[in-house]
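Biologist: I'd like to go through this model with you. Can we take the charged pairs, then the core, then the pocket?

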Amino acid sequence: MPGHLIRRLQQQSTQVFQTQMQAAGFDLTSVQFAALDAIAQQPAIDQATLAATISFDRATIGGVIERLESKGLVQREVSEHDRRARLLTLTPAGRRQLANCRPVVEALQSEILGALSAKERAAFVALANKALRLGGG
């Protein structure tokens, strides 16, 4: 069943990510990395938009941001236009952390699909993107 295989592949992806990041001395989860990367791409993004951007639950993105903030990687500010919104920016330490760990994250991508050839990996990524678009993602 595809759903079971997708779940197992996600578990494998998470394990590879955590193992490689810890081995390189980084204390970031894949969701935290995705959040840092999205904030770097869209400075002053609000938490709700960030959650949608990284396809993460809006109700729990606050906890992710709290952990990044406690690590000194992200700064939250109340929006001048909407007092309910919290705008996110990377701190200088957050920019350094993202730049330093990006090569590790890029390198581990091939390990996640290690049993596939380069051509098969490209086909897998294309099909996964297509399936996500068709699935409303």
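Biologist: First up, Glu69. Is Glu69 buried, exposed or partly exposed?

Modeller: Glu69 is partly exposed, with a relative accessible area of 32%. Buried means under 20% relative accessible area, exposed means over 50%, and partly exposed is in between (1.4 Å probe, protein chains only). This is a predicted model, where local features need pLDDT of at least 70, side-chain atom pairs count only at pLDDT 80 or more, and totals for chains, interfaces and linings use all residues. Residues are numbered from 1 along each chain as its sequence is written, and side-chain values use heavy atoms, with hydrogens and water left out.

Biologist: Which side chain does Glu69 meet in a salt bridge?

Modeller: Arg76, at 2.9 Å, N to O. A salt bridge here is a side-chain nitrogen of Lys or Arg within 4 Å of a carboxyl oxygen of Asp or Glu. Arg76 is partly exposed too, at 24%.

Biologist: How many salt bridges in the whole structure?

Modeller: Three. One of them joins the side chains of Asp27 and Lys71, at 3.6 Å. Asp27 sits in the loop between H1 and H2, and Lys71 in the loop between H4 and strand S2 (74-78), so the pair ties together parts 44 residues apart in sequence. Helices (H or I, at least four residues) and strands (E, at least two) are DSSP runs, numbered from the N terminus. Asp27 is exposed at 56%, while Lys71 is partly exposed at 31%.

Biologist: And what does Arg102 pair with?

Modeller: Asp37, at 2.8 Å, N to O. Arg102 is in helix H5 and Asp37 in helix H2, so that pair ties together parts 65 residues apart in sequence. Arg102 is partly exposed, at 27%.

Biologist: Back to Arg76. Which side chain does Arg76 join in a polar contact?

Modeller: Gln47, at 3.0 Å. A polar contact is a pair of N or O atoms within 3.5 Å; within protein, one must be able to donate a hydrogen and the other to accept it, and residues adjacent in sequence count only if both atoms are side-chain atoms. Gln47 lies in helix H3 and is buried at 15%. Leaving aside neighbours within four places in sequence, its contacts (heavy atoms within 4.5 Å) include Ile61, Ile65 and Leu88.

Biologist: Now the core. Which residues touch the most other members?

Modeller: Met21, Leu36, Ile39, Leu50, Ile65, Leu68 and Val74, out of 29 residues in the largest nonpolar core. H5 gives the largest share, six residues. Such a core is a set of buried Ala, Val, Leu, Ile, Met, Phe, Trp, Tyr and Cys residues joined through side-chain atoms within 4.5 Å.

Biologist: What does Leu68 touch?

Modeller: Leu28, Gln32, Ala35, Leu36, Leu73 and Val74, not counting residues up to four places away in sequence.

Biologist: Last topic. What volume does the largest pocket have?

Modeller: About 1,500 Å³. A pocket comes from a 1 Å grid over the protein atoms alone: an open set of points where a 1.4 Å probe fits, with protein on both sides within 12 Å along at least five of seven lines. Grid points are joined across faces, edges and corners, and the volume is the space filled by probe spheres set on the points.

Biologist: Which residues lie nearest its centre?

Modeller: Ser13, Gln109, Phe124, Ala128 and Leu132, among 33 lining residues. Lining residues have an atom within 4 Å of a point. H1, H2, H5 and helix H6 (118-134) each give two or more residues to that lining.
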